[in-house]
Amino acid sequence: MRIPRRSLIKLGVLAIAPLLLAGCSAAVGLDGPATTINPAGDQARRILDLMVPIFWMALVVFIVVEGILVYTVFRFRRKPNAPIPSQIQGNTQIEIAWTIAPALIAVVIAVLTFRTQADNAVLPPNAIHITAVGHQWWFEFQYPDGGPEGKPLLTASDMYIPVGKPVIITLKGQDVIHNFWVPKLAGKTYMIPGKTNYLSFTAEQAGIYHAVCSEFCGEAHALMRFRVIALPPDQYDRWLTQAQVAPANPPTGVGELNGDPTRGQAIFLDAKRQCITCHAISGTAAKGVVGPNLTYYGSRTTIAAGLLDNTPENLAKWLHNPSSLKPGNLMGRVITPDWVKQNLAEQDIADLVAYLRSMKLSVDMPVASK
Ligand code: CUA
């Protein structure tokens, strides 16, 4: 069979197009939220330093193998009226060569990998300690440095760290196996119930880094995200000092969405409204431990574990019907549209929004990484 030249050209373009397009998207996505090729942390940088030589080795192997294959296809293709070619049975020298060559490449990759793994496993002695707990479907952060009332400082979905100082994250799983991944800062690490893992890295630049759960953990796995907020050390200290003190009484007067923060707090603390069954706020009677701690909720960058920007409108939407935004979430099993109709008036929701968003820390947030 003779392949027309134009078909061959088209075939060639089709074969090369994905490579060119991948190149474009890599360039555009260089500063993307979840890229590993533009690291901002020492651990992610070491992983990239491993990935690059392996990529080039793989590319050389690909070109050599495909080159020989394509050459063979054209050079030895069947020609009209050609006789049957001479029949051969293996070639010992070639067999030995193509056994040893890949083995050598695998050994080089293994040595490089072990070296990176060993470097990334080091837990520096002067690090800041944070415990991260994976829950279905949100991330909790505990600062043993001490929060309000002599207990660890608890927060969720936003993990604050200082720039230029190593942190050691103690990783735990509350219910099922989750996975802690901040692509620009560090490699993935499992959060396993009953087994504690450790991860250490240093953020090299201030920023708000997107992070995700990287292990399938149930219905809302794809919506289980968080942010790592890396602040200059003086700003981090400012954040920590403020966060260690319980929020002041809610401001008087009209707040966001024309809600009344003081009335919002009373609604929040009213057991019939269910908030305190699961949530805690330092300095109040709310001590629930099932859901995220909501102290200084107004300073959270997101709502629903990284899903939505923290705006009054989004918070009101969430309180009306959590399941419509994040199917599967625990809160939505109780706070259904029917339940809301019977237990929360529009004004109640506005008051809750005004209260929750009134609890704010004064921190100069870094520019978000897109
Ligand atoms: Cu947690 Cu996926």
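Is Arg263 buried, exposed or partly exposed, and what is its relative accessible area? In this predicted model, Arg263 has a relative accessible area of 36%, so it falls in the partly exposed class.

Arg263 and Asp351 meet through their side chains in a salt bridge, with N and O 2.2 Å apart. Arg263 sits in helix α5 (residues 261-269) and Asp351 in helix α11, so this pair ties together parts of the chain that are 88 residues apart in sequence.

As a general point, side chains of opposite charge can pair when their charged atoms come close. One of the bridges links Arg45 to Glu204, whose closest N and O atoms are 2.6 Å apart. Arg45 belongs to helix α2 (residues 42-75), while Glu204 is in the loop between β8 (197-202) and β9 (207-213), so the bridge connects parts 159 residues apart in sequence. Here both ends are partly exposed, Arg45 with a relative accessible area of 32% and Glu204 with 35%.

Another bridge pairs Asp364 with Arg238, and here the closest N and O atoms lie 3.9 Å apart. It, too, links distant parts of the chain: Asp364 is in the segment after α11 (346-358) and Arg238 is in helix α4, 126 residues away. Arg238 counts as partly exposed, at 32% relative accessibility.

The structure holds one cavity of 30 Å³ or more, and about 120 Å³ of space lies in the largest cavity. Its lining is made of Leu153, Leu154, Thr155, Asp158, Tyr160, Trp239, Ala243, Thr295, Tyr296, Ser299, Arg300 and Leu361. At least two lining residues come from each of β3 (153-156), β4 (158-162) and α4 (233-243). With three residues, β3 gives the largest share. By residue type, the lining splits into seven nonpolar, three polar and two charged residues.

Key: Residues numbered from 1 in each chain as written. Predicted model: local features only at pLDDT ≥ 70, side-chain atom pairs only at ≥ 80, totals over all residues. Heavy atoms only, no water. 1 Å grid on protein atoms, 1.4 Å probe; cavity = no way out; pocket = protein on both sides within 12 Å on 5 of 7 lines; lining within 4 Å. Points joined across faces, edges and corners; volume = space filled by probe spheres on them. Helix = DSSP H or I, 4+ residues; strand = E, 2+ residues; numbered from the N terminus. Nonpolar A, V, L, I, M, F, W, Y, C, P; charged D, E, K, R; others polar. Salt bridge = Lys/Arg side-chain N within 4 Å of Asp/Glu carboxyl O. Buried < 20%, exposed > 50% of the residue type's maximum accessible area, 1.4 Å probe, protein only.
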